[in-house]
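Colleague: I have the file open and would like to go through it with you. Could you take my questions as they come?

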Amino acid sequence: MRRHWPLLPLAATVLLLVAPLPAGDATASGKVTPADAASLLLVAVCAVRALRGEVNRLSPLGALVLGLPAVGLAVATVSAGDPYAALPGFVRYLQVFVLVPAAVVLLVRDAREFRLAAGCFVVLALVQGAVGVLQYATHTGASYQGEDIRAVGTFGPGDVMGMATVVAYGLVIATALALAPGAGQRSRRIATAAALLLIVPLVLSFSRGAWIATFGAALVVMVLAGIRRALKVLLALTAAGVVLVGGFGVGSEMMAERLTSITQVSSAPDQSVTDRYTMWAAASSMWQERPATGVGLKGFPAHRDGHASLGLSSGSDTAGAGQAYVRQPLLSPHNMYLLILSEQGLIGLTALAGGWAVLLVAGIRRVAAPDPAARRIRDCGLIAIGLFVWQSTNFLYADIGGPSTVLTGVIIGLAAWWALGTAGAMSSRVGAAGR
């Protein structure tokens with residue numbers, strides 16, 4: 001504990017999301033959750049240790065990738081119609097996309113600490129998944145097609161993507177560890193069991209975006225880990241899915257309807273699909289109006305009605321999981337790339353998404369063709385790439401919002417640690433810690 005105490009705020013940032021939060025006004029901003037407070041403590045610890053010269057060295061490329069988004073955020077804030085209204089958005093974006101990732105890169109010293117951070121994600125996923133399965137079994141979940149069966153964990157019906165997100169994180173990490181060439185047999189068996197368990201709450205979340213992102217991330221991890229090993233895990237996961245859905249009928253009919261709705265874009269889309277594509281068109285229209293800097297941070301809700309068609313509904317219905325019926329307004333386009341484009345323009349999108357592309361390419365290159373030192377910690381690479389691919393894919397169907405948002409910053413930091421760090425230094429630290 002004396003050696004790893006700087007990681008305690010990082011562990012708290014992840015694990016504090018186990019605690020339920022009271023329901024509040026969905027339109028309110030400026031909420032600070034316990035996980036957010038832990039992330040701020042993480043940044044403070046990193047700043048103190050940086051002043052004492054006790055953190056990792058950041059390469060020029062790392063400083064550029066992690067620091068450039070701050071420039072785009074500043075431009076979008078200053079150029080907004082109401083800079084004071086945009087200021088909370090600036091703080092939130094700075095926390096998630098700059099400060100927390102930088103703190104993770106600077107504080108995580110070796111592969112052992114990376115695995116400790118990843119393990120916290122799995123613990124969170126198992127706890128939230130267990131709560132979600134219980135909600136489905138006892139009809140105490142969020143309302144879905146007239147029944148209170150949707151698994152949402154402790155996040156409540158106001159954040160139906162929260163449990164699906166953290167469960168998917170845990171599933172991707174467990175799958176990566178089960179496929180890692182250097183992992184021990186005991187670790188692989190535990191990871192495989194965890195992955196099989198987490199399939200159930202992910203299915204019961206009825207989250208189409210989470211399903212698509214998880215499938216894509218798992219496929220990438222399997223290809224990078226090796227076809228032979230990937231086929232074994234894929235067969236095990238397929239068999240588990242057949243038994244759960246086909247044998248026990250776990251959400252089979254509703255899951256089939258949910259899967260079918262993914263392809264019903266123009267023929268017979270449900271209202272949620274119609275709303276999503278309408279808001280995508282509105283975001284694109286905002287960007288065309290101000291292509292360089294966008295309409296400003298937190299500007300999408302104010303400009304939405306002036307750019308959206310009449311097909312947009314007034315909001316989405318939420319109920320269940322201990323909460324009364326609430327009509328939640330649609331305040332974002334549910335596409336992170338279009339949200340950035342509409343509010344920050346090409347400057348912001350280039351600064352953020354450009355850096356993410358660098359991390360993804362550099363990370364995959366290190367996993368696919370690692371040097372001998374990096375080969376010893378390849379499990380960290382599979383985890384980092386799997387999580388980052390999941391997040392990048394999910395951003396096509398979702399954006400930041402809710403208590404689990406802070407985990408996005410941790411994931412970007414873990415991906416940057418792998419992609420931009422010195423593999424030889426990482427591996428040598430692992431050996432030194434083992435001795």
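Colleague: Let's start with the hairpin of β1 and β2: which residue takes a positive phi there?
Modeller: Glutamine 145 does, with a phi near 55°, in a hairpin that has two residues between the strands. Strands here are DSSP runs of E of at least two residues, helices are runs of H or I of at least four, and both are numbered from the N terminus.

Colleague: In what sense do β1 and β2 pair, and over how many bridges?
Modeller: Strand β1 (residues 142-144) and strand β2 (residues 147-150) run antiparallel and are joined over three bridges, where pairing requires that DSSP finds at least two bridges between two strands.

Colleague: And what does tyrosine 144 stand opposite?
Modeller: Its counterpart in β2 is glutamate 147.

Colleague: Before I go on, what should I keep in mind about the model?
Modeller: This is a predicted model, in which local features need pLDDT of at least 70 and side-chain atom pairs count only at pLDDT 80 or more, while totals for chains, interfaces and linings use all residues. Residues are numbered from 1 along each chain as its sequence is written, and side-chain values use heavy atoms, with hydrogens and water left out.

Colleague: What is the mean pLDDT, then?
Modeller: The protein chain has a mean pLDDT of 83, and 81% of its residues reach 70 or more, pLDDT being the predictor's confidence in each residue on a scale from 0 to 100.

Colleague: Where is confidence lowest, and where is it highest?
Modeller: Helix α17 (residues 423-434) has the lowest confidence, at a mean of 45, whereas helix α1 (residues 8-15) has the highest, at 96. The pLDDT is below 50 over residues 427-435, a stretch that has 15 contacts in the model beyond near neighbours in sequence, a contact meaning heavy atoms within 4.5 Å.

Colleague: How many helices and strands are there in the protein chain?
Modeller: The protein chain has 17 helices and four strands. Of its 435 residues, 51% count as buried, where buried means under 20% relative accessible area, exposed means over 50% and partly exposed lies in between, using a 1.4 Å probe and protein chains only. Among contacts between residues at least 6 apart in sequence, 77% join residues at least 24 apart.

Colleague: Changing topic, how many cavities of 30 Å³ or more does the structure hold?
Modeller: There are two of them. A cavity is a set of points, on a 1 Å grid over the protein atoms alone, where a 1.4 Å probe fits but cannot get out, and its lining residues have an atom within 4 Å of a point.

Colleague: How much space lies in the largest cavity, and which element gives the most to its lining?
Modeller: About 60 Å³ of space lies in the largest cavity, and α13 gives the most to its lining, with five residues. The elements that give two or more residues to that lining are α3 (60-78) and α13 (336-368). Its lining residues include Val65, Phe97, Trp356 and Ile412.

Colleague: How do the lining residues of that largest cavity divide by type?
Modeller: They divide into nine nonpolar, one polar and no charged, with Ala, Val, Leu, Ile, Met, Phe, Trp, Tyr, Cys and Pro taken as nonpolar, Asp, Glu, Lys and Arg as charged, and the others, Gly among them, as polar.

Colleague: And what about the second largest cavity?
Modeller: About 40 Å³ of space lies in the second largest cavity, and its lining divides into five nonpolar, no polar and five charged residues. Among the residues lining it are Arg3, Arg49, Glu54, Arg109 and Glu113.

Colleague: Back to backbone angles: what is the phi of histidine 139, and where does the residue lie?
Modeller: Phi of histidine 139 is near 55°, a positive value in a residue other than glycine, and the residue lies in the loop between α5 (111-138) and β1. Histidine 139 is partly exposed, since its relative accessible area is 44%.

Colleague: Last one: is alanine 174 buried or exposed?
Modeller: Alanine 174 counts as buried because its relative accessibility is 4%. Alanine 174 lies in helix α6 (residues 160-179) and, leaving aside its neighbours within four places in sequence, is in contact with Ala191, Ala194 and Ala195.

Terms used:
On a 1 Å grid over the protein atoms alone, a cavity is a set of points where a 1.4 Å probe fits but cannot get out, and a pocket is an open set with protein on both sides within 12 Å along at least five of seven lines; lining residues have an atom within 4 Å of a point. Grid points are joined across faces, edges and corners, and a volume is the space filled by probe spheres set on the points.
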